[in-house]
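Subject: A structure for you to look at

Hi there,

Here is the structure I promised to pass on. Please open it first, and then read my notes below.

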Amino acid sequence: MECGLIGMQGVGKTTLFQALTAHAVPVQAGGMKPNLGIAPMPDARLERIAEFIPPEKVIPATVQIVDIPGVPSGGGASSLNQVLAHIRSVDALAQVVNCWNGDGGSEVESMRAELILADLVVAEGAIDRARRAARGGEADAKLRLAVLEQTVALLEDEQPVRSGKWAEAEAAVLKSYGFMTAKPVMLVANVDEEDVGSGSAAAASVQKVAGSEPVVTVCATIESEIAELDESDRADMLASMGIERPAIGVLAAAINELLGLSTFYTAGEKEVRAWSIPHGASAPEAAGAIHSDLQRGFIRAECYHCDDLFELGDEKAIKEAGKLRSEGKGYSMQDGDVVHFLFNV
Ligand SMILES: Nc1nc2c(ncn2[C@@H]2O[C@H](COP(=O)(O)OP(=O)(O)OP(=O)(O)O)[C@@H](O)[C@H]2O)c(=O)[nH]1
Ligand SMILES: [Mg+2]
């Protein structure tokens, strides 16, 4: 699952990408190739588990980020098409908005208009083909046609595809067309150094047009600088700026939520580790996130919730309180489960 950083040109996407990935990836600034990287997920529960079960290593979950080139404002059809192709290939979109010298809201609206227009071109092209196929009696063409007709109606009404009500089979059809406005989206108000904490008129204007889309406010340049420092200098810099923790963690958590991911933990003397899985994944699927052997040879999951650990103190007490559960193949993982998988290969 990947989240794309999208937006107009020069709004701070690459700066934010470097903050998210702690400068681990050499980037191409201003180029036409996307930058791919992995961002660690700051996680207070993980830190807390490690206090109760002290390990040699603490390993956070990660989320995949794609820094996509900016949408050129006005013209440049061929570069626009390249950018749109990259946007089609990610699972969720975080639009970075210039709130340090831009006016915020209008940038959000022009991006929406751009994506709606591009989806409309795709849908209208596909609808003709679907119509012909439906007339020719092709089995699933009827469903495709119905979905495309509803899609075109929404887009012509300037509504994103995601605002429609879609049954599971229809959603699968939509996915095959890669409509950009079907993907979940959030907004990142990139504010000036001066406006961290206080916010700005531009950030307020983003909030105003956001509707149901989540908004996170950050200053990309500050976050990028913080991410460059080692642990001890970082604490000093945060203190000198009167900030408790970097905002980049809030953004990473919001991206995780946007991608529909939840977290489970494994905990032992060697390592305490967080893992990301889709909401509602089964116990064998969660085991498979660790290693395919664990999924193949899955027997059962011994698990408890991390809140039980925080309340009762250790695994022995959890067991005595009857809070240690033995879960089988049909179990849907709950966010915050701490798990030990039993398997046999
Ligand atoms: N003042 C200020 N400048 C910023 C901020 N974020 C980014 N910039 C500046 O904006 C310029 C462009 O930043 P990038 O991160 O390369 O922007 P981008 O969105 O990746 O640009 P393209 O990939 O070309 O679309 C750089 O000179 C940054 O220093 C910010 O929060 N405040
Ligand atoms: Mg860039």
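A residue is called buried here when its relative accessible area is under 20%, exposed when that area is over 50%, and partly exposed in between, with a 1.4 Å probe and protein chains only. By that rule, buried residues account for 45% of the 345 residues in the chain.

A word on where the values come from. This is a predicted model, so local features need pLDDT of at least 70 and side-chain atom pairs count only at pLDDT 80 or more, while totals for chains, interfaces and linings use all residues. Residues are numbered from 1 along each chain as its sequence is written, chains are lettered from A and ligands numbered from 1 in the order in which they are written, and side-chain values use heavy atoms, leaving out hydrogens and water.

**Overall layout**

The chain has 14 helices and 12 strands; these are DSSP runs numbered from the N terminus, helices being H or I with at least four residues and strands E with at least two. Taken along the principal axes, the C-alpha atoms fill a box of roughly 65 × 60 × 35 Å.

After H4 comes Gly137, which has a positive phi near 80°.

**Salt bridges**

How many salt bridges are there? The count is 14, where a salt bridge is a side-chain nitrogen of Lys or Arg within 4 Å of a carboxyl oxygen of Asp or Glu. Three of them may interest you.

- Arg162 pairs with Glu213, and their closest N and O atoms are 3.7 Å apart. The two sit in distant parts of the chain, 51 residues apart: Arg162 is in the loop between helix H5 (141-156) and helix H6 (168-177), and Glu213 is in the loop between helix H7 (201-210) and strand E7 (215-218). Arg162 is partly exposed because its relative accessibility is 32%, whereas Glu213, at 14%, is buried. Both also belong to a network of salt bridges with Arg112.
- Asp308 meets Lys323 at 3.9 Å, N to O. This pair again links distant parts of the chain, with Asp308 in helix H13 (residues 306-312) and Lys323, 15 residues apart from it, in the loop between helix H14 (315-320) and strand E11 (325-327). Asp308 is buried at 12%, and Lys323 is partly exposed at 34%.
- Asp337 bonds to Arg325 in a salt bridge whose closest N and O atoms are 3.2 Å apart. Asp337 is in strand E12 (residues 337-343) and Arg325 in strand E11, so the pair ties together parts 12 residues apart in sequence. Asp337 is buried, with a relative accessibility of 0%, while Arg325 is partly exposed at 27%.

**Pockets**

A pocket, on a 1 Å grid over the protein atoms alone, is an open set of points where a 1.4 Å probe fits, with protein on both sides within 12 Å along at least five of seven lines; lining residues have an atom within 4 Å of a point. Grid points are joined across faces, edges and corners, and a volume is the space filled by probe spheres set on the points.

The largest pocket holds about 1,000 Å³ of space. It is lined by 36 residues, and those closest to its centre are Pro40, Met41, Pro42, Asp43 and Gly249. H10 gives the largest share of this lining, seven residues. The lining divides into 21 nonpolar, five polar and 10 charged residues; Ala, Val, Leu, Ile, Met, Phe, Trp, Tyr, Cys and Pro count as nonpolar, Asp, Glu, Lys and Arg as charged, and the others, Gly among them, as polar.

The second largest pocket has about 370 Å³. Its lining has 18 residues, with Asp91, Lys175, Ala182, Lys183 and Pro184 nearest the centre, and H6 gives the most, three residues. Where does this pocket lie? It lies between domain 1 (1-43 + 60-100 + 184-261) and domain 2 (104-182), because both give residues to its lining. The domain bounds come from an automatic or database domain assignment.
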